[in-house]
Amino acid sequence: MVHRANNRASRMLAEYKQIREQLQSHESILMLCPAGDGGSLSKWEAQFCGPENTPYADFTFTLSIEIPEMYPNEPPNCRFPPNHICHPNIKWSTGEVCLDLLKHETWSPMYNLLQVVEAIRTLLAEPGVDSPLDVDLAKLYSVDKQAYQGLVTYRLCSRTL
Amino acid sequence: MTGQVSKECPICWDSMADNVAKLIPCQHEFHLSCIRKWYHSRISDRTCPNCRVEIRELIDMDHNVNINLTLQLDLIFDGLVDNIGAQLMNMNIRDEQKIYQEQNIVLESETQEVRLMLIQCHICGDSDAEVDRCCKHCQNMYHAGCLRQLSAEVNDNTESSGGHCAYCHEQLIPLNIGTRTRIWNPVDTDIYRGMIRNRNSILTEILYESSQSAAVGSSDINQTCNLEMNDIDHSWDCMERNRKRKEIAYQEKCQIQRHVRGILDDYYYGCRKITREQYTEINRRVSRELYDLSGGIYQNLNMDYDEQARRLIIKEVEKLT
């Protein structure tokens with residue numbers, strides 16, 4: 001009995017069902033659904049509110065997620081739109097996200113899409129200043145929180161919607 | 001369906017009625033095929049996906065056999081063939097003490113400690129009876145079809161040396177699982193005389209055709225086997241040479257880039273005339289140009305790389321302002 005079949009398709013279908021159920025009562029994740037054409041489950045889009053008590057709180061964020069062929073053995077590729085979010089671990093110009101959980105070495109097939117989105121939302125509240133993508137912002141975060149908050153708010157307000 | 005509560009595999013989320021593996025020591029359960037694929041995709045990682053505990057062995061619950069994941073291998077494959085092997089399909093049975101003398105290992109080994117290990121294609125990660133190549137040196141195993149698929153990525157070249165392992169480049173030997181002679185099934189369109197056809201690959205198709213025409217009018221399996229080995233010889237030879245060529249090219253590139261970075265660092269750290277993004281962009285362009293100028297070879301004696309790099313960088317910086 002050899003399971004040569006593609007795990008990704010059946011697993012994504014199962015996740016899709018579960019996500020639909022769980023999102024009905026989810027406070028912070030407004031949307032998480034397939035965005036690919038032709039009913040493909042390989043591209044997803046998420047929308048969530050910024051975490052409370054952070055400069056992100058009053059804003060909503062869009063995240064695009066690509067599910068690789070080898071999922072769940074490989075992590076999904078997550079990316080914000082360019083010039084969308086200002087954060088020490090997110091590159092402003094490209095939207096690239098730097099999060100341990102999403103790296104090949106630390107990923108586990110036990111994680112699922114909803115957890116990934118929740119983890120990225122948590123990252124907004126708790127930046128990892130040791131492995132920043134934006135060195136200057138990470139520095140500002142560790143020396144002057146108030147200035148950091150001001151800068152983040154300023155840039156989020158100025159983004160084109 | 002049966003009224004019995006079956007758990008779900010945390011990797012594929014399908015029901016885990018059969019094909020179950022339990023990890024030791026943490027007791028977490030997954031589909032055997034899922035956990036194998038996971039371990040295959042993480043060459044050095046043998047921890048539990050759930051609790052990250054280091055895994056020593058896993059139990060194939062369907063057959064109630066332990067599979068040791070830490071075993072350092074030193075196997076001789078000629079003696080491994082037997083009936084239980086056919087039943088378990090995925091495993092080798094080995095009697096440590098008597099492996100040299102034993103022809104019929106199974107009967108003897110029932111009273112002795114039997115060690116099992118995975119038979120798994122090191123290219124696709126699947127475990128099945130089609131795994132039919134093994135490396136003498138490192139015991140990595142392959143599907144002949146997978147080797148051929150890999151070979152399709154390098155262009156064909158028909159010089160021949162030994163059939164080589166992808167990892168240590170030692171000689172490959174045929175590996176028989178289940179029965180001593182493989183059962184050929186010409187009706188199956190994907191398998192022809194034991195070779196797995198990969199329809200996506202043109203080279204595979206050519207190899208397939210050539211072996212087919214050579215085998216016409218002959219039921220001699222040996223002949224096909226020989227052909228098969230030659231195909232692999234070719235593939236690996238090509239791949240090996242391609243790999244070496246790339247490696248050399250890469251080293252030359254690094255040496256050239258070192259000069260460029262040396263000069264660019266002055267601009268970036270010294271006088272802060274350029275931003276980080278500009279640094280990256282200029283580095284890329286100048287390195288590429290120098291690389292073209294050198295014809296792909298690092299010619300330190302004929303060319304003053306520092307001077308050339310400086311000249312090109314100044315030009316690039318001027319463009320910025």
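**Figure 1. Order of secondary structure elements in chain A.** In this predicted model, the elements of chain A follow the order α-β-β-β-β-α-α-α from the N terminus. They amount to four helices and four strands; helices (H or I, at least four residues) and strands (E, at least two) are DSSP runs numbered from the N terminus. Of the 161 residues in chain A, 43% are buried, where buried means under 20% relative accessible area, exposed over 50% and partly exposed in between (1.4 Å probe, protein chains only). Among contacts in chain A with a separation of 6 or more, 54% join residues 24 or more positions apart; a contact means heavy atoms within 4.5 Å. Chain A has an accessible surface of about 8500 Å², and carbon and sulfur atoms contribute 49% of this area. Accessible areas come from the Shrake-Rupley method with a 1.4 Å probe; for residues, only the protein chains shown count as cover.

**Figure 2. Helix α4 of chain A (residues 145-158) and its packing partners****.** The 14 residues of α4(A) reach 20 Å from the first C-alpha to the last, close to the 20 Å expected at 1.5 Å a residue; the expected span is 1.5 Å times one less than the number of residues. Tyr148(A), Val152(A) and Leu156(A) are buried in α4(A). They cover an arc of only 60 degrees around the axis, which puts them on the same side of α4(A); the arc is that of the directions from the helix axis to the C-beta atoms. Gln146(A), Tyr154(A) and Cys157(A) are exposed on the other side of α4(A). The buried residues of α4(A) pack against β3 (60-66) and α3 (135-143) of chain A.

**Figure 3. Open three-stranded sheet in chain B****.** The strand order is β8-β7-β9, and the pairing is antiparallel. β8 (141-142) and β9 (172-174) of chain B stand at the edges with a single partner strand each, so one side of each has no neighbour in the sheet. Strand β7 (residues 133-135) of chain B pairs with β8(B) over two bridges; two strands pair if DSSP finds at least two bridges between them. Cys134(B) stands opposite Met141(B) of β8(B).

**Figure 4. Lys315(B) in helix α8 of chain B****.** Helix α8 of chain B spans residues 305-320 and contains Lys315(B). Lys315(B) is partly exposed, at a relative accessible area of 43%. Its C-alpha atom is separated by 9.7 Å from that of Val286(B), 29 residues apart along the chain.

**Conventions.** Residues are numbered from 1 along each chain as its sequence is written, chains are lettered from A and ligands numbered from 1 in the order in which they are written. Local features of this predicted model need pLDDT of at least 70, side-chain atom pairs count only at pLDDT 80 or more, and totals for chains, interfaces and linings use all residues, while side-chain values use heavy atoms, with hydrogens and water left out.
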